[in-house]
Amino acid sequence: MMWREFLIENQAALLVAWREQVWLVLAATGLALAVGLPLGIAAARLPKLRGAVFMVVNMVQTVPSLALFGLLLPLPWLGGIGARTAIVALTLYALLPITRNVATGVLGVEPSVREAAEALGLTNWQRLRHVELPLAANVILAGVRTAVTLAVGTATIAAAIGAGGLGAFIFRGLRQNDNRLLLAGGILTASLALLADAVFAGLERQPPPAPRSMPRRLAAFVGLALIFLPVVWSYRVAPPVVDRRQRPVVVGSKDFTESVILAEILAQRLEEQGVVVERRFELGGNLAHESLLSGAIDVYPEYTGTAWTAILGERPLTDPREVYARAQRAYAERFGLAIGPPLGFRNDFAILVRRQTVAERRLRTISDAARAPLRWRAGFGQDFMARADGYAGFCAAYGFRFESPREMDLSLTYRALAAGELDIIAGNATDGLIAALDLVALEDDLQYFPPYQAVYVARQAALVAAPPLAEAIRSLDNAIDTDAMRRMNAAADGARRAPREIAADFLAAQPWEASGAP
Amino acid sequence: MPPPAPQAEDLQVELRQVCLTRGATVVLDGVSLSVRRGELVALLGASGSGKTSLLKLINRMLEPTAGAVAVEGRPTTEWDPIRLRRRIGYVIQDAGLFPHYTVARNIGLLLELEGRPAAQRRARVDRLLELVGLAPATYADRFPAELSGGERQRVGVARALALDPGLLLLDEPFSALDPVVRARLQQEFAALARELGKTALLVTHDLQEALRIGTRICLLANGKLVADAAPDDFLRLDAPEARAYARAAGLGAAPQG
Ligand SMILES: Nc1ncnc2c1ncn2[C@@H]1O[C@H](COP(=O)(O)OP(=O)(O)OP(=O)(O)O)[C@@H](O)[C@H]1O
Ligand SMILES: [Mg+2]
């Protein structure tokens with residue numbers, strides 16, 4: 001069955017994701033405990049502080065996780081892409097259950113017992129150590145248990161900021177319309193949560209003189225083993241690559257298939273030249289650009305239209321050459337970033353409908369659709385809704401009026417359209433899902449959408465430091481046409497092939513390969 | 001017989017014009033009391049009259065709003081609270097044993113914190129258990145949940161004696177006992193205190209108990225010390241609160257002795 005191959009193929013990646021998830025949760029819970037324990041004790045001891053402490057930790061808890069990740073990103077020290085930001089955010093989340101339960105547990109100690117400890121002449125610390133903490137242990141443990149379960153779940157979202165973990169599979173599954181990825185990520189996340197829960201159930205103690213329950217302790221031990229064996233195993237299958245001799249070139253990508261494939265092509269092209277490459281793929285939102293500015297990555301694939309409107313904040317233009325030239329100049333002057341030569345294809349916004357709709361309604365252009373007497377159920381990605389060259393301008397240009405269009409995850413709009421839940425969406429022209437789901441792109445007859453030529457954007461400093469990077473980018477000048485890109489996207493999203501293989505196949509077919517790389 | 005003016009070095013505890021306000025309540029209002037070495041003072045008073053509060057002033061768990069408290073001739077404000085408390089054995093109202101520690105660890109905890117070696121601790125715990133009438137072999141390794149109310153109170157007394165303090169503060173230590181056991185334990189305790197040369201302040205609601213073991217009886221009412229007398233004299237006092245106590249205990253009609 002397909003699952004067998006899938007698991008064999010993804011074994012190493014799943015193990016690494018499991019490892020990353022375990023470390024994220026462990027680090028965050030550990031930190032939260034280190035902060036929450038003293039904070040909870042202080043809250044219990046000082047009634048005046050209690051209100052303030054709980055107000056703050058409660059408030060943190062109410063910030064949606066994705067928003068918290070976003071808020072942390074631009075901060076120095078704490079922020080940036082990768083595991084560090086994720087750990088900070090997860091720590092903040094874990095803080096509430098831990099702090100609250102420490103305070104509740106300490107305050108819950110019977111007053112006569114607490115008073116006895118004071119009357120006997122135990123110091124503050126001795127009272128904590130001998131009386132309050134041991135008697136509060138179960139309540140504190142319950143708090144840690146909640147925190148861990150919470151962290152296991154929330155850590156999946158950390159994949160959006162490049163922290164890795166099992167969430168990367170979930171996001172990728174959504175994006176590529178691949179249930180196996182979704183299920184693998186989801187099931188493993190749930191398993192980790194259940195195992196962690198079993199460990200804590202076993203740690204809990206009935207008050208003495210009750211003996212410890214052996215079955216529970218056994219379950220805890222087994223749970224612990226099942227959590228950490230894959231971690232140990234993952235180090236054998238995929239040891240973290242640390243090559244200190246050479247500073248790696250860090251290649252980033254945005255969080256969609258095409259961007260990953262383009263980044264992978266460049267990464268492998270660099271590796272062919274013997275350059276050490278670090279991959280920081282699947283960065284959501286504006287993250288790739290931010291990371292480039294902060295130096296966290298050296299290069300990533302971008303589109304001229306995005307650079308011009310979304311990043312530089314300029315008004316949309318329709319001439320591809322003009323957009324390219326002006327974006328390139330502005331990037332160099334404003335950011336110290338170099339826009340490489342066009343890769344050879346455009347990924348403009350594409351207004352998509354089902355093939356059946358086209359046939360039934362005899363549609364060809366977007367104007368046809370706007371004139372059709374239909375109640376269009378529309379759904380658009382957050383990106384399209386927010387952008388200057390997106391929803392508002394589109395409706396105005398074509399005279400479209402949608403009744404409450406749904407704003408949702410872009411990859412989900414494809415699925416919803418194919419399933420008949422929506423009638424019209426805004427996708428990407430080169431998306432592999434268009435062919436895979438048998439969708440049709442309507443012609444932009446008014447030329448509303450600006451051109452999105454694919455390019456690599458690199459830090460000028462990185463180009464100077466690593467000459468092979470400039471060389472690799474130059475070698476991909478005009479190397480990928482729209483058809484080639486669509487096929488590669490379809491290979492990923494339709495045929496479920498790994499971007500790594502797709503990129504390798506692409507590079508193997510290039511003419512320079514014949515001349516023989518070193 | 002009025003007590004002779006005490007010598008300063010003999011004074012274990014001295015309260016001078018102590019006032020105490022807790023929240024909006026005036027608990028103590030100008031209480032003066034001197035306790036000499038070897039005395040066993042029974043402190044009577046209605047519920048809420050401030051008996052527990054008075055004990056807590058002595059080991060500095062509370063600070064007086066006005067007036068001064070001195071222990072061994074030194075104002076409590078000059079004592080380090082931890083050092084002071086370890087010199088005073090305190091048996092709290094509900095025993096307050098540590099439920100997660102065995103009887104032996106409850107009694108030996110202070111010895112442990114004072115850094116006494118384990119062997120010495122074990123021996124001392126055994127001796128204290130015997131002193132309060134509990135067989136070490138049976139009780140040392142039990143947890144408080146496995147004890148009766150009376151046994152728990154005995155362990156509380158043993159724990160208070162661990163560091164061999166000269167002064168004992170006991171807050172209704174025999175309240176949870178049936179009358180027979182209670183009478184026996186009171187006698188045993190009085191004998192023990194005499195034998196060990198301890199000074200003790202013992203809070204009780206029970207005039208019979210006070211008469212049985214006190215060398216002196218004090219009565220708190222409305223924030224004041226309304227009576228302070230030897231047991232023999234207490235029943236003859238004119239203070240209405242003292243008379244009410246005597247009547248309630250069925251001793252009011254006792255003929256003048
Ligand atoms: N923590 C506190 N805060 C405010 N008021 C208190 C506090 N503890 C006790 N009080 C008040 O102080 C007064 C004296 O209390 P205290 O415990 O000393 O009485 P008591 O004589 O020991 O009573 P009982 O015989 O019931 O133990 C009571 O009116 C009580 O309500
Ligand atoms: Mg009391």
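Which residue's backbone oxygen lies 3.1 Å from a polar atom of the side chain of Asn106(B)? That would be Tyr101(B). Bear in mind that this is a predicted model.

- Asn106(B) sits in helix α3 of chain B, which covers residues 103–113.
- With a relative accessible area of 1%, Asn106(B) counts as buried, because the cut-off for that label is under 20%.
- Setting aside residues up to four places away in sequence, Asn106(B) touches Leu97(B), Phe98(B), Tyr101(B), Pro144(B) and Arg159(B).

**Arg122(B)**

- Arg122(B) belongs to helix α4 of chain B, residues 118–131.
- Its relative accessible area is 40%, so Arg122(B) is partly exposed.
- Once neighbours within four places in sequence are left out, the contacts of Arg122(B) are Ala104(B), Ala140(B) and Asp141(B).
- Arg37(B) is 85 residues from Arg122(B) in sequence, and their C-alpha atoms are 29 Å apart in space.

**The chain A sheet**

- Five strands of chain A make an open sheet with mixed pairing, and the order reads β7-β6-β8-β5-β9.
- At the edges are β7 (406–407) and β9 (439–442), each pairing on one side only.
- Strand β8(A), residues 424–428, is mostly covered, with five of its five residues buried.
- Ile424(A), Ala426(A) and Asn428(A) point one way from β8(A), while Ile425(A) and Gly427(A) point the other way.
- β8(A) pairs with β5 of chain A (residues 349–354) in the antiparallel sense, over four bridges; there, Phe349(A) stands opposite Asn428(A).
- β8(A) also pairs with β6 of chain A (residues 378–380), this time in the parallel sense and over two bridges; Gly379(A) is the residue opposite Ile425(A).
- β5(A) and β9(A) run antiparallel and are joined by four bridges, with Leu442(A) in β9(A) as the bridge partner of Ile351(A).

**Helix α18(A), lying across the strands**

- α18(A) lies across β5, β6, β8 and β9 of chain A and runs at about 135° to β8(A).
- This helix spans residues 410–418, and its buried residues are Ser411(A), Thr413(A), Tyr414(A), Ala416(A) and Leu417(A).
- An α-helix has 3.6 residues a turn, so residues three or four places apart point the same way.
- After α18(A) comes Gly420(A), which has a positive phi near 85°.

**Helices α10(A) and α22(A)**

- The axes of α10(A) (residues 257–272) and α22(A) (residues 482–493) come within 10 Å and cross at roughly 110°.
- These two helices are therefore roughly perpendicular to each other, because angles of 65 to 115 degrees get that label.
- On the α10(A) side, Thr257(A), Glu258(A), Ile261(A), Leu262(A) and Ile265(A) take part, and they meet Met485(A), Met488(A), Asn489(A), Ala492(A) and Asp493(A) of α22(A).
- By type, the residues of this contact split into six nonpolar, two polar and two charged.

How values were computed: Residues are numbered from 1 along each chain as its sequence is written. Chains are lettered from A and ligands numbered from 1 in the order in which they are written. This is a predicted model: local features need pLDDT of at least 70, side-chain atom pairs count only at pLDDT 80 or more; totals for chains, interfaces and linings use all residues. Side-chain values use heavy atoms; hydrogens and water are left out. Buried means under 20% relative accessible area, exposed over 50%, partly exposed in between (1.4 Å probe, protein chains only). Contact means heavy atoms within 4.5 Å. Two strands pair if DSSP finds at least two bridges between them. A polar contact is a pair of N or O atoms within 3.5 Å; within protein, one must be able to donate a hydrogen and the other to accept it, and residues adjacent in sequence count only if both atoms are side-chain atoms. Axes are lines fitted to C-alpha atoms, for helices over the stretch in contact, and angles run from 0 to 180 degrees between N-to-C directions. Angles under 35 degrees count as roughly parallel, over 145 as roughly antiparallel, 65 to 115 as roughly perpendicular and the rest as oblique. Ala, Val, Leu, Ile, Met, Phe, Trp, Tyr, Cys and Pro count as nonpolar, Asp, Glu, Lys and Arg as charged, and the others, Gly among them, as polar.
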